[in-house]
Amino acid sequence: MKTRKLLMIPGPTPVVRSIQDQMGRETVAFGDPAFVKDFKELLEDLKVLFKSSGEVFVVAGTGTMGMEMAIANTTKKGDNILIVSHGFFGDRFIDLCKRKGLNADVLSSEWGEIVPVEKIKEKLSEKKYAAVTVTHVDTSTGVCAPIAEIGEMMKSFPETIYIVDGVCATAGEPEYVDDMGIDVLLTGSQKAFGVSPGLTMLWTSQKAMERRKSLGDIPEFYIDFEKWLPIMKDPSKYYATPAVNLVWALKESVRIMKEEGMENRYERHKKFARAMQSALETLGFRVLAKEGCRAVTLSNLVYPEGTDDAKFRGLLAEEGIMVAGGLAAYAGRMFRLGHMGNVDKHDLVSVIATIERALYRAGMPVEFGKGVGVLQKHLME
Ligand code: PMP
């Protein structure tokens, strides 16, 4: 008999049945009044849930497109931009910005650590920056940036647009667009929203929209805020075909969030992360991100000495859990495990139990039930 495979990579995450059902519906015209109503309601809900009084965009594309969209609409060739990078996805902004012809300065941390807010402030004081980018959770390191604190500091730089990449955070880590002073928050559908890949969502402040306006015509066509804004105000209009079934799927994901309550959802993520990280440490793995800047959406686990990455992940897959490998310098030395979105306690118990079986089959020392015991204890706190 084939073992079911649990998808525990840090995105795409498991897609629950009710969301799958939305993707399996018969597709309708994007001008269908029922769809237009659904789309409109979704956009309203997204503003309310993430506490944004600005604009919201839902466009077909991936997280990378969201990154590009944020940059394209707030900067022009020759501008200075500051990139705060805590890993691979922070670094992705460097190439992206250079291609746009921006002068990119980069503040990087060691993998597993964060750039101190004071350092960001110092750098911003050196010259005029059109924008700063911060990756809320860098999926390559499992590090969570203090976006609220950075937002507070950004109040001293009213001419700089504060861009937050929430691809691996939004709907799992607390994000309040207005209160945190975020000018552009971008994310994707496939992580803590628990929807299949294919949608980019962005929230923008009035300041960001004013910046867009000041740029006049921009070279980018598909990702222009000004082209999409009329559609977001009235989804019966056309600019480019919306991903009808994914929009429905996102609406169902949002319905689930409303039912759970955002604060409860954030608390659940925190509790699950603590439980998973403690259980995994008990099993001999080291969480790469330092205490105090650990994400709740995923864990990046450095192997005990002598672990064969390919063999371990192969055995895990045979036993029924898909995880991701480490990136860059951590390739072969670490695995990455998502625990965000609509995962539940059943999933977590399965994951830890499966890791115990895989360790056993890999010939590593393991006491069955030890990790599961720690997990259960934390889940019941
Ligand atoms: N930013 C972060 C933090 C990510 O984790 C990812 C994807 N892992 C991206 C951006 C890029 O998103 P996508 O793969 O959907 O283009």
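Guide: Start at the ligand. This is a predicted model. The shell around the ligand holds 14 residues, and T62, T64, T139, D165 and Q190 come nearest.

T62 places a polar side-chain atom 2.6 Å from an oxygen atom of the ligand. G63 works through its backbone instead: an N or O atom there lies 2.9 Å from a ligand oxygen atom. D165 faces a nitrogen atom of the ligand, with a polar side-chain atom 2.7 Å away.

How much of the ligand does the protein bury? Taken alone, the ligand exposes 390 Å². The protein buries 87% of that.

Now see which elements build the shell. Two of them, α3 (63–72) and α4 (88–99), each give two or more residues. The biggest share comes from α3, with three residues. Sorted by class, the shell has six polar, five nonpolar and three charged residues.

Step back to the whole protein. On the domain 1 side, 27 residues take part in the contact; on the domain 2 side, 34 residues do.

What about the area of that interface? The size of an interface is often given as the accessible area lost when the parts come together. Here the two domains bury about 2,300 Å² between them. Carbon and sulfur atoms account for 60% of it. Three residues of domain 1 stand out: M262, Y266 and C293. Together they supply 24% of the area that domain 1 buries against domain 2, more than any other three residues.

Most residues other than glycine have a negative phi, and most peptide bonds are trans. The bond between G11 and P12 is cis, with omega at about 0°. P12 sits in the loop between β1 (6–7) and α1 (17–23). The other detail is K51. K51 is not a glycine, yet its phi is positive, about 50°. Find K51 in the loop that links α2 (33–49) and β2 (55–60).

How values were computed
Residues are numbered from 1 along each chain as its sequence is written. This is a predicted model: local features need pLDDT of at least 70, side-chain atom pairs count only at pLDDT 80 or more; totals for chains, interfaces and linings use all residues. Side-chain values use heavy atoms; hydrogens and water are left out. A residue is near a molecule or strand if one of its heavy atoms lies within 4 Å of it. A polar contact is a pair of N or O atoms within 3.5 Å; within protein, one must be able to donate a hydrogen and the other to accept it, and residues adjacent in sequence count only if both atoms are side-chain atoms. Accessible areas come from the Shrake-Rupley method with a 1.4 Å probe; for residues, only the protein chains shown count as cover. Helices (H or I, at least four residues) and strands (E, at least two) are DSSP runs, numbered from the N terminus. Ala, Val, Leu, Ile, Met, Phe, Trp, Tyr, Cys and Pro count as nonpolar, Asp, Glu, Lys and Arg as charged, and the others, Gly among them, as polar. Contact means heavy atoms within 4.5 Å. Buried area is the accessible area (1.4 Å probe) that two parts lose on being put together, summed over both.
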